[in-house]
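Please examine the sequence and the three-dimensional structure shown below before reading further.

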Amino acid sequence: MEPYDHNPIVEMRDIEKHFGPVIALNGVSFDIRPGECHCLLGDNGAGKSTFIKTMAGVHKPTKGAIFFEGRQMSFDSPRDAMEAGIATVYQDLAMIPLMSVTRNFWMGREPIKRVGPFKFMDFKTANEVTMEEMRKMGINLRSPDQAVGTLSGGERQTVAIARAVHFGAKVLILDEPTSALGVRQTANVLSTIDKVRKTGIGIVFITHNVRHALAVGDRFTVLNRGKTLGTAQRGQITPEELQDLMAGGQEMVALEGSLGGTV
Amino acid sequence: MEPYDHNPIVEMRDIEKHFGPVIALNGVSFDIRPGECHCLLGDNGAGKSTFIKTMAGVHKPTKGAIFFEGRQMSFDSPRDAMEAGIATVYQDLAMIPLMSVTRNFWMGREPIKRVGPFKFMDFKTANEVTMEEMRKMGINLRSPDQAVGTLSGGERQTVAIARAVHFGAKVLILDEPTSALGVRQTANVLSTIDKVRKTGIGIVFITHNVRHALAVGDRFTVLNRGKTLGTAQRGQITPEELQDLMAGGQEMVALEGSLGGTV
Amino acid sequence: EGERYVLVSHAPDSDSWWNTIKNGLALAGEQMDVTVEYRNPPTGDLADMARIIEQAAASAPNGIITTLADPDVLSGPIRAAVESGIDVIIINSGTPDAARELGALMYVGQPEYDAGFAAGQRAAGDGISSFLCVNHYISSPSSTERCQGFADGLGVDLGNQMIDSGQDPSEIQNRVTAYLNSNPDTDAVLTLGPTSADPTILALEQIGLAGDIYFGTFDLGGDIVNAIRDGVIQWGIDQQPFLQAYLPVIVMTNYHRYGVLPGNNINSGPGFVTADALDLVAELAGEYR
Amino acid sequence: MSSMGVAVDERIKETSKLRKALIRPELGAIVGTIAVFSFFIIFAGDSGMFNAQGVLNWSTVSAQFMIIAVGACMLMIAGEFDLSVGSMIGFAGMSIALISVTLQWPVWIAILLTFVLCTAVGALNGIIVVRTGLPSFIVTLAFLFILRGFTIFFPQLIERRTIIGGISERAEGDWLAPLFGGKIGGGFFNWLADMELIGVFTRGTRMGEPIVNGIPMLIVWALGLMVVAHIVLTRTQFGNWIFAAGGDAQAARYVGVPVNRVKIQMFMFTAFCACVFATCQVMEFGSAGADRGLLKEFEAIIAVVIGGALLTGGYGSVIGAALGALIFGVVQQGLFFAGVESSLFRVFLGVILLFAVILNTYIRRIITGER
Amino acid sequence: MSSMGVAVDERIKETSKLRKALIRPELGAIVGTIAVFSFFIIFAGDSGMFNAQGVLNWSTVSAQFMIIAVGACMLMIAGEFDLSVGSMIGFAGMSIALISVTLQWPVWIAILLTFVLCTAVGALNGIIVVRTGLPSFIVTLAFLFILRGFTIFFPQLIERRTIIGGISERAEGDWLAPLFGGKIGGGFFNWLADMELIGVFTRGTRMGEPIVNGIPMLIVWALGLMVVAHIVLTRTQFGNWIFAAGGDAQAARYVGVPVNRVKIQMFMFTAFCACVFATCQVMEFGSAGADRGLLKEFEAIIAVVIGGALLTGGYGSVIGAALGALIFGVVQQGLFFAGVESSLFRVFLGVILLFAVILNTYIRRIITGER
Ligand SMILES: Nc1ncnc2c1ncn2[C@@H]1O[C@H](COP(=O)(O)OP(=O)(O)OP(=O)(O)O)[C@@H](O)[C@H]1O
Ligand SMILES: Nc1ncnc2c1ncn2[C@@H]1O[C@H](COP(=O)(O)OP(=O)(O)OP(=O)(O)O)[C@@H](O)[C@H]1O
Ligand SMILES: [Mg+2]
Ligand SMILES: [Mg+2]
C-alpha cells in the first residue's frame, strides 16, 4: 500500500501569505497523506516555516484554501488545528524553560479530573504518562517535576516530539527537528519519524539536509522564494538532483568542484 | 607546506571546566596551527561550545593551561582574547537586532577618529568598510544603517563571519556556523572558510555534520562527554569512522541498517 | 469687574483638606464676580510650587493668593511677583512677619507652630504630660512643626512621640493601636487632620479607649465633628480654611476696585471647636468647614 | 524506536533528597517569615505584639497586603504587572461612595456596579497591553495617572469635597455590606474571654468586653483569595495556562493556549482584588478619600517579589506572595511594637526587599538550572 | 569567495525615500512637540504663556525634567532603569544642606562631597544589578525606600526638622554655587528691557530692572547635558557600547564590550544627573526638604518613553528624551496657563503617555523590521 493511494489528510491550494510589504508565500500547493513522510525543503527564508505555520493555524493565509479530510477548513487558532489533529513541533521549540516537563508536555491539553462541580488538572495521570512517553523515546527523567530548562537541547526536542505523537495527531509537522542535533540524536529522531509514519500518521518533515530527507522521506517538495519548485516521489529523484533543486543549480557545481563534492 | 609543520598558535592543555555540580569539560587538549582548519566534532552537550568559550576568554578554565604563540596566557575577558587575535563567531550569533549593521560589525572595536582631545567613532570609514566587506561576502546591503533585525538568518551569519575575518584574526573560531543554513548559504560559508584558511589564519570549525567537516577540515578532534576521543589528520580517517567516533560506534550500525545507511 | 485671582497651594492633589479652600475660593469668586483659579503641585513638591507661582505671575493676574510653606523656596518667586506689580496675600502657612517682609498685602491664617503651641498649653492645663502625635505626612515640614509646637506647649520633649503613620487608613489605625499597646501610659493623642484622625477614632474605639484618652486634632472633617459630639475628641483646632481662601479674594477685589484695605493681618485660627455649638459645623464639615 | 538506555549522567554530582524537597519558590519567603517572627519574638516579645490584640493588629495589616498581593502575583506569573492598583483602590472606594451617598442608591448596587466598573478598567488595561504589545509598565502607569485624576476630579465636581463619608449609615441593614465590613466569630471570642484565654478591656467604654471581638472579613477575604488562587494556579488547567502565558507567550500560543484571554483575565482579577481591598476599607471606615491606596502598587509588587515570583513572569507562588505580605505587615507593625524610629521603616523595607530577592534568585537558579 | 551577485529582493515592496528619512526614534516626540505647541498657541496664546516670563517659566520646568530624563534615557538605552531618582534628588539636597548648614563646611565642599556620595550610591545600585543579575526595577525600588528613609531620618535626628534652610546665606561668595544657582545672559536681557521688548519690575527694590534677568543655570545644565549625552551616544565608541549593553548584554560581552562597567557607569551618570537637579534646586531656593523629588523617577521615565526609547533597552535617543521632557513641561505649565482644572492634569498626562507610546511603537516597528 503506497501512501499516495490514499486521499490526502490535508491539502493546501495556492497559499499566499504577505507580512506587510514582505511576500513570504506566493502560491504554494501541498498535500499530505496518511502514513507518508512528506519532506519540505528549501533555502533560508524560502518560506517553509511560514507555510507550516499556515497549516497549523498560527497564520491565516492571505489567499488560498486549506482542505482537511476533503472539507474546506479555516483554522482560527493553533488550538483549532490541534483539535482537528494537526500537531506541530516548531523550529523554536515551543517549550517553556521555567515550567516542569509534565506541565510542558500537557500544555494546552491538560488532562482534567472532576471533583464535584470543579475541574482539576489530573497530575497523577499526567506525570505517569509523561514519564512513560519519555521513557519510550529513550529518556529517563529524574522526575516529571524537573524544569525543562535543565534538559539538554536534544532532550527538549524529544519532549516536543513525544508530546505531538502522544496526542494522536493525524498529521505531525516537524520544523527542522534535526538542525541542532548531534549524530546520535539525529538518528534517534529519524528513527522516531520512521516509526510514527508506520502507524499511519502523515508527517511533514522540514529540513535543510538532503540526506536526512532522503533517509525517511516518501515525497519531496522544494520551496524557493515563496514558490514551489515541484514535488518528487522517492526513487524518482537522485540526491544530486534534489541538492541542485534546493540551491538553484549551477552555482553549486562550481562550489562542489572546488570542495571535492562533499557538501 | 602542511599546516602541522608549524608551531601551534594556540595550544590548550588538559582543560577542565565545571559549572557548579556540572562537569562540562574533563581534561581536553587541543591545538590550532596557522593555515589549518581544525574541526571540533561531537554530540549535543559534549562540551564544544564550552571549550571554545574557554579559548575565547568567555570562561576561565577550572584547570589546565592555555598557550598562545608559545607563551602561557590567561584571558580575563573576550576582549583580551580578541586583542591577542582570537576572533569568534558564536553559535548564538552575537548580533544585536536593534542596532545597525555597521554598529554591529564594529561592536567592541570601533574605529576612532580624534578631534582635538576628543575621540569620536569614525562612521564614515566604518560604513564604507562594512559595505565593502559585506559586498565581498556576496551581500548587498540596502544601507549600512539598516537594523540587523531586518536581515535574514543567513545574512546575519555572514555579517558575523565578515566581522571576524576583517579584524585580521590569527585564529577564527566558528561555532556551528552552518547548522541553521540552507544548502546555498552553507556552500558559501564553507568556501569562505576555505578562502580564509588559505590566508594563513587558523580556523576552529565546530559542526555536527561530518560531511561539512570533511569538506574543509585538515584535522578532526572529537569530543565526547567532556573528553577528547582523539585527533585525526585528514586522509587518516574515513567518513564512516568519524561518524562512528562521534556517535559512539555500535548503536549507529543498527540504525543505519534500518534507514538505508544515509544518515 | 472681571479681575482674575490665582490661589496657589502647597498641597498634593489628593489632600482632602484643601477642598474647603477650593470651595471658599469658588464661592468668593462667584460673589464678587471675579475669575478665580486654584493651582497646586500634583505631588506636593514645594519646588514645583515655586514654578507654579512663577507661572501664575507670568499669566499676569490681578492678584496671587499663596501659602508660604517654605520661605526659602517661595520667597524668591513671591517677591518677583510682588515687584512686577501683582498683589499677593499669604495664607495658611507662614507668619505675618514673613508676609510683610515679602511685600505681601497681608497674612491670613494660622501659624502652625503657634497653633500647636496653643494646643499644647491647653492640654497641659488639662493635666496631660505625654502624648502621641500621629503624623500622616511626615515629609512636609509644617506637620512636624505642629507636633513640635504641641510638645513645647506641654513642656515636654517630642522625642519618639511622633509616628510616621503613612496615609492608608488601616495602617494608621493599626499603627496607633500598636503604639498605644506598647506605650500604655500615653496620656493623649494628637492627630493632624482628617486623614489621620478618622482611623485614629476607629483605633480608639477598637481598643476601648475612645472617650477615655485625651484626644485633640487639627483641622475638621465629618467624622471629627461627630467624634467631638460623641465626646471622643476633646477639641479640634479649626483654622477655618474657608476664610483663608474667601477673605483674600474679598479683600483684594475691594482693594482693586475701591482701594480699601484692612489695616492688619487676619488670624483665621486657631479656633478650638468643642462639643458646644457643633450643629452648623457638622452640616458643612468637609465642604466649608 | 530504540530505547537507548539513557543512564544517569555521570557528569552531574548528586544533590541530596532533603535539599530537593526544600527547594521551592516560596522557600525564601518561608525562611524570611521564620526569621522575622524570631526577630520580633526576641525584641518585641513583651510589647503586646503577640497577645490576641497584637496578633489581630498585624494580621489585619498583612491581610490588606495579601489581598492585593494575590492579584499582583497571579498577574506577574502571567507575565505582566499593574502599576494602577493603588489608583484603582482609590477609584473603587470613590465609586462606591458616589453611587451610594450621592446618588442614594442601595449600597449593594453600589458595590456590584463598582466591581463591574473596576474589572472593566482592568480588562481595558489588559486589552491595550495584548493588542499593542506595549509593556504593561507603561500602559498601567498611564492608568495610574488617569484613574487618580478621575478619583480627585469627580467627587470635587459633584460633591465639592474629596472625602466622602456617611457610607456606614447607608450600609446599615444592607445585605452585601457585612460581607466586606463585618466581623465573624464574635461568639467564639466571647467564650475565649470567659475562659480568660484572652484579655478583656479594663478601662474605657467597653470595659469587660473581650479585647478582640471577632475576625474582620478583611482577613477572611485575604485567606479565601489566597486559597482559591493557589488552587487555581497549581491544580487546574487554567493555572497551567497562566504559567505558560508568562513563561513564553509565543510558545504557549503555538500549542493552543489562549494567551491573550488569560492575560486579560489576570488583569481583571488584579482589578477585582483591588476592588475587594477598597470595598473592605470603605465598609470598615465608612468613608472614601481621593488619596486612598497611594503607593499600594509597589507594596503589592514588593510582597510578590519577596514571595519568590519572577518579575519577568512564568514563575512564582501565591503562598509565597501571601507570606511576603505577612512579612511586610509584621515588619511594619513590629517596628512600632519594638519602638524603632518610624522614619527608618522605609530603610528596613528596602533592605529586606534586597535580601529577599537575592535569596530568591539563588533558590530559583537551583530549581530551574538557569545560568 | 564567489560574489554571488545578491540582487534586490523582489519580494519586498519599495518604501519611499521621504518615509525613510522621517523614520527616526525621535519622530514621535517631534510630532508630539509640534502638536503640543500648536495646541497651546491656539488655546493659551494670549495668557502670557508666550511672553518672556511665560517662556522662561515652562523652559525652566522642562529643563528640570530634561536633566533627569537625559540620565534616565542613557540608562534605559543601556538596558536598565532607576526608580530611585526621585529619592536621590531628596537625598542629595538634604546632604548638601546638612553638610553646609549643620556642619558649617563650605558650600563647595558640600556640593562636591554630595556628588561623590550620590554617584557612589549610583555605582552601588549598578554593582548590585550586574553582580546579582536582579532586575533593576527591584534593586532601585529598594533604594527608593532606603534613600527616602534616610532623607527623612537624618535631618530629623540631627536638626529635628525635615526642612533645612539657610543655604543661600552660606552660599554667598562661594565659587561653586553660582554654577548651579546662578543666571547668565543678564546683560542681554537688560538690553532687551531697554529696547522695551520684555517687561520690567514696576515697584519694590528692583524697580526698573527686567523681570527676566537671565537664563538660569538649570537650563544651561539641561542643554549641556543633552548635547554631551547625545554626542557620546551617537558619535563615540562608548555610545556604541551603551547601545550594545542594552540591546543584548550577552552578545556584547562576547565581542569584548565591558558591559558591566558600562551599566555601572550609566547608573552613576543617572545619579549624577539627579544630583545636578538637586543642587540646582537647593542653590536656587536655598533650602532642602525631605519631600523633594517625589515621583520624579516616573516623570523621568515617562519623558524618556515619550521620546521614543524602548523600556527594554538598546534603542532610543537623547534628543527624543529631551523633547519628551519639553512636551511634559509645556503640557504641565500650559494647562495652568489655559486654566484647566488642575486635578485633570494627571488624566491628560496618562492619555498623552498612552498615545505617545503607541505612536512610537508603530515607528519603531517600521525602523527595525520587528514583528
Ligand atoms: N511575521 C513576519 N513578518 C514579516 N516577515 C516575515 C514574518 N515571518 C516570516 N517573514 C519573512 O518571510 C520569509 C520566509 O520566512 P520563513 O521563516 O518562513 O523561512 P524558512 O524557510 O522557514 O527559513 P529557515 O530555513 O531560515 O527557517 C522571510 O523573508 C522572513 O523574513
Ligand atoms: N553556564 C553553564 N552552567 C551550567 N552548565 C553549563 C553551562 N554551560 C554549559 N553547561 C553544560 O555543559 C555541557 C556542555 O555544553 P556545551 O554547550 O558546551 O555543549 P555543545 O557541545 O556545544 O552542545 P551543542 O552541540 O548542543 O551546541 C552541557 O551539559 C551544558 O548543559
Ligand atoms: Mg524556518
Ligand atoms: Mg554548542
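The following paragraphs lead from whole chains to single residues.

This is a predicted model, in which local features need pLDDT of at least 70 and side-chain atom pairs count only at pLDDT 80 or more, while totals for chains, interfaces and linings use all residues. Residues are numbered from 1 along each chain as its sequence is written, chains are lettered from A and ligands numbered from 1 in the order in which they are written, and side-chain values use heavy atoms, with hydrogens and water left out.

Consider chain C to begin with. Chain C contains 11 helices and 12 strands; helices (H or I, at least four residues) and strands (E, at least two) are DSSP runs, numbered from the N terminus. Its C-alpha atoms occupy a box of roughly 60 × 40 × 30 Å along the principal axes. The radius of gyration is taken over C-alpha atoms, and the globule rule is 2.2 Å times the number of residues to the power 0.38. For 289 residues a compact globule would have a radius of gyration near 19 Å, and chain C, with 19 Å, agrees with this.

The interior and surface of chain C can be described next. Of its 289 residues, 67% are buried, where buried means under 20% relative accessible area, exposed over 50%, and partly exposed in between (1.4 Å probe, protein chains only). A contact means heavy atoms within 4.5 Å. Among the contacts in chain C with a separation of 6 or more, 72% are between residues 24 or more positions apart. The accessible surface of chain C comes to about 8300 Å², and 47% of that surface belongs to carbon and sulfur atoms; such areas come from the Shrake-Rupley method with a 1.4 Å probe, and for residues only the protein chains shown count as cover. Chain C carries 12 positive and 38 negative side chains, and the centres of the two sets lie 7 Å apart. In this count Lys and Arg are positive and Asp and Glu negative, whereas His and the chain ends are not counted; the place of a charge is NZ of Lys, CZ of Arg, CG of Asp or CD of Glu.

Chain D may be described in the corresponding terms. It has 16 helices and 4 strands, and its C-alpha trace spans about 80 × 50 × 40 Å along the principal axes. With 371 residues, a compact globule would have a radius of gyration near 21 Å; the value for chain D is 23 Å, which agrees. Buried residues make up 62% of the 371 residues of chain D. Of the contacts in chain D between residues at least 6 apart in sequence, 78% join residues at least 24 apart. The accessible surface of chain D is about 13600 Å², with 67% belonging to carbon and sulfur atoms. Chain D has 24 positive and 21 negative side chains, with the centres of the two sets 8 Å apart.

Side chains of opposite charge can pair when their charged atoms come close. A salt bridge is a side-chain nitrogen of Lys or Arg within 4 Å of a carboxyl oxygen of Asp or Glu, and the structure holds 41 of them over all chains. In chain C, R39(C) and E37(C) form one, at 1.9 Å from N to O. R39(C) counts as buried because its relative accessibility is 2%, and E37(C), at 15%, also counts as buried. Elsewhere, salt bridges that share partners join D168(C), E171(C), R175(C), K296(D) and E299(D) into one network.

R197(B) and D194(B) meet in a salt bridge of 2.2 Å, N to O, and both residues are buried. They are 3 residues apart in helix α6 (residues 183-198) of chain B, so about one helical turn separates them.

K60(B) and D76(B) also form a salt bridge, with the closest N and O atoms 3.0 Å apart. This pair links distant parts of the chain, 16 residues apart: K60(B) is in the loop between α1 (48-55) and β4 (63-68), and D76(B) is in the loop between β5 (71-73) and α2 (78-84). K60(B) is partly exposed because its relative accessibility is 44%, whereas D76(B), at 58%, is exposed.

Finally, F75(B) is found in the loop between β5 and α2 of chain B. Is F75(B) buried or exposed? At 6% relative accessibility, F75(B) counts as buried. Not counting residues up to four places away in sequence, F75(B) touches several residues, including M55(B), K60(B) and F68(B).
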